[in-house]
Amino acid sequence: MNFQILFYTLCFIACFTHAEAQNVVLEINTNKKGAEIAPTMYGVFFEDINYGADGGLYGELIKNRSFEYPQPLMGWNTIGDVVVKDDGPFNRCPHYVRLSYSGKRDMATGIENRGFLGMSLLGGEQYRFTVWARVPEDGEAQLNIGLRDLDSQEENFTSCETDINVCGSEWSKYTVVLTTPYTIKKASLTVFLKGTVPVDVEHISLFPVNTWHGHENGLRKDLAQHLANLKPGVMRFPGGCIVEGATLDTRYNWKHSIGTVENRPLNETRWNYGKERTHFDYYQSYGLGFFEFFQFCEEIGAEPLPVISCGMACQFNNDITKKGSWLAQGDSLKEFIQDAIDLIEFCNGDPEKNEWAKIRAEMGHPTPFNLKYLGIGNEQWGEWYAPMLKAFMEPIRKLYPQIKIIGSSGPWPDGKEYDDLWAEMRRVGVDLVDEHFYKDEEFFLSGVNRYDNFPRKGPKVFAGEYACHGTGKKWNRYYSAICEAAFMTGLERNADVVRMATYAPLFAHIDGWQWRPDMIWFDNLRSVCTSSYYVQQLFSTNRGTHVLPIKVTGNSEKIYASAVADKDDNDAVIVKMVNTGEKDTQTSIKLKGMSGEYTMITTMLSVFDSTPLENVNYGADKVHSLLDCDNSLDNPMRIIPDTVETKVMCPHVTIKIPAHSVAIFSFKVTD
Ligand code: AHR
């Protein structure tokens, strides 16, 4: 029995008393089913920030695999006679490398890649190496492919290797699978020329064979699995600011992200700007593109929610006081509108009738992706946005009236811009408005009533980016997660207005982040889910289908609660309660309309142990309080939900809820 289970057992001793405990009463009327809770209510927001895509969720291990970075050999070490050329077989990625005999005895010719922020390989795992190659002078030549252990003190760095024969002057794809016998933390891939006949190489790729669902151009399995485990109702992608780009040319161009992976052009990410945490070598390969996003959404059962550029580059990166190249106007806006229309066709169109739908079919998905939602613009504000949005909406409404359109309320959750934008969004008649709030504890706790008096008519709310940023403590911490949970009870009580909510950002590489807090952290081998992740999971996996009225009385100052019924689970009643205070509570749950024996499943996120632990991305020495800590890569299971099942007699159940905890009670008819 672990410490937490023991705790729960003690909770059920009928006359539990605690000097510090205070009384709270939750009254739920289970006869009064209220608003429907949208299946999309709790979802995920994906953005390629913090190396979330290349070097993160995308399984590719080779940085700059097509030699298209601004300096074509970025990410590569070379030895011998290595020359970059630019008339390769893929017109949008024209660079490749020619490996020729060095002419010197004992001097090899070869190239080495050390991955994104390093490369790590798991012992016993298979890795698929592929390369496009040819013998420019025709004939036959050999390459030696190796995986290296750079920490090795042996005579040879190479941990496993194989030779491949390259034949003829036509470009062909060559594949070999390599397995290292043991886990290598600091690894690299090498490609050496054998013999004296030159060889051209292009699109050098290395993937684990064991990706999510085994796709060759696949996703890193542990990270994809964390998302699947959230059971998200919706997945927003590809951002965030990268939707907009620092310039219009570097916006996320979905058309560049589909089709043959070898021919997807490189893009400069908006997150490689500034000088604070710039990594200099952070680019987007588009290997994780729109086809892969839609396919993944289908596999995890999430509604896809693409957000596209509205023709405005990131307003934080540009002088927005005047028109300029950051703003598409007139004819140039038409291209952006066409992109939106083509995207809908790519997802839902008939491959026999539409060129974009044909690409979808050729990529392996002849049936539609069934797109229902489209975000137009990310964080936009100012005089231009609404008219530009309207220009998108007119043809889309006419051609695809079933598509729900999401507009922006800007980067701020209140104030003049926010109010003006909401007025404009009502005027143009979008279906949902995307709100963003990266705010402190106070905002999240008082914001629990944010939507109680919100207009019930007009566009609905998509809380599209939010996370509690502790005052002076902008890192992942347990107390911030508790505040997010409290806030989410308010979203849930107002599920008639709030139809979607997605925490942001999702991923961060421990050695490559630009923004924190984030939901999931990882290095090249491991990953860790934060307390914020578990809060999201508790809400998402206990969503229910209808809101139930709840009244909280007693010593309720730091108590936040919501209740739902789940018609898909035999009308189970689920009560969520968050205790943000420092005192335990003796809680009475009164369930009007229920009587007799029920099974109560209690799932709780709490901290029971008073030793502060290191923070995932913050020096342990600087963390003073347990509430400022979170799980870490070395200690990933410290704060995780725990579940117990008991029999209770309804309508009246009494239970102790510890200080600073999130508790979910699910009442089901006993079989
Ligand atoms: O989530 C990080 C960034 O925050 C997003 O890219 C942007 O939309 C917001 O400003």
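**Cavities and core**

Author: The second largest cavity is lined by Phe46, Asp48, Ala53, Asp54, Pro238, Ile242, Tyr252, Gln284, Tyr286, Gly287, Leu288 and Phe293. A cavity here is a set of points on a 1 Å grid over the protein atoms alone where a 1.4 Å probe fits but cannot get out, and lining residues have an atom within 4 Å of a point. This is a predicted model, where local features need pLDDT of at least 70 and side-chain atom pairs count only at pLDDT 80 or more, while totals for chains, interfaces and linings use all residues. Residues are numbered from 1 along each chain as its sequence is written, and side-chain values use heavy atoms, with hydrogens and water left out.

Reader: What volume does the second largest cavity have?

Author: About 70 Å³, taken as the space filled by probe spheres set on the points, with grid points joined across faces, edges and corners.

Reader: Where does the largest cavity lie?

Author: Between domain 2 (42–59 + 212–540) and domain 3 (76–208), because both give residues to its lining. The domain bounds come from an automatic or database domain assignment.

Reader: Switching to the largest nonpolar core. Which residues have the most contacts inside it?

Author: Phe46, Met235, Phe392 and Ile396, in a core of 133 residues. Such a core is a set of buried Ala, Val, Leu, Ile, Met, Phe, Trp, Tyr and Cys residues joined through side-chain atoms within 4.5 Å; buried means under 20% relative accessible area (1.4 Å probe, protein chains only). Domain 1 (3–37 + 546–612 + 626–669) and domain 2 (42–59 + 212–540) both give residues to this core, so it lies between them.

Reader: What does Met235 touch?

Author: Leaving out residues up to four places away in sequence, its partners include Val44, Phe46, Phe293, Ile300 and Glu303. Contact means heavy atoms within 4.5 Å.

Reader: Pro232, then: buried or exposed?

Author: Pro232 is buried, at a relative accessible area of 3%. Beyond its neighbours within four places in sequence, Pro232 is in contact with residues including Tyr42, Val44, Ile300 and Ser540. Glu303 is 71 residues from Pro232 in sequence, with 8.4 Å between them in space, C-alpha to C-alpha.

How values were computed
On a 1 Å grid over the protein atoms alone, a cavity is a set of points where a 1.4 Å probe fits but cannot get out, and a pocket is an open set with protein on both sides within 12 Å along at least five of seven lines; lining residues have an atom within 4 Å of a point. Buried means under 20% relative accessible area, exposed over 50%, partly exposed in between (1.4 Å probe, protein chains only).
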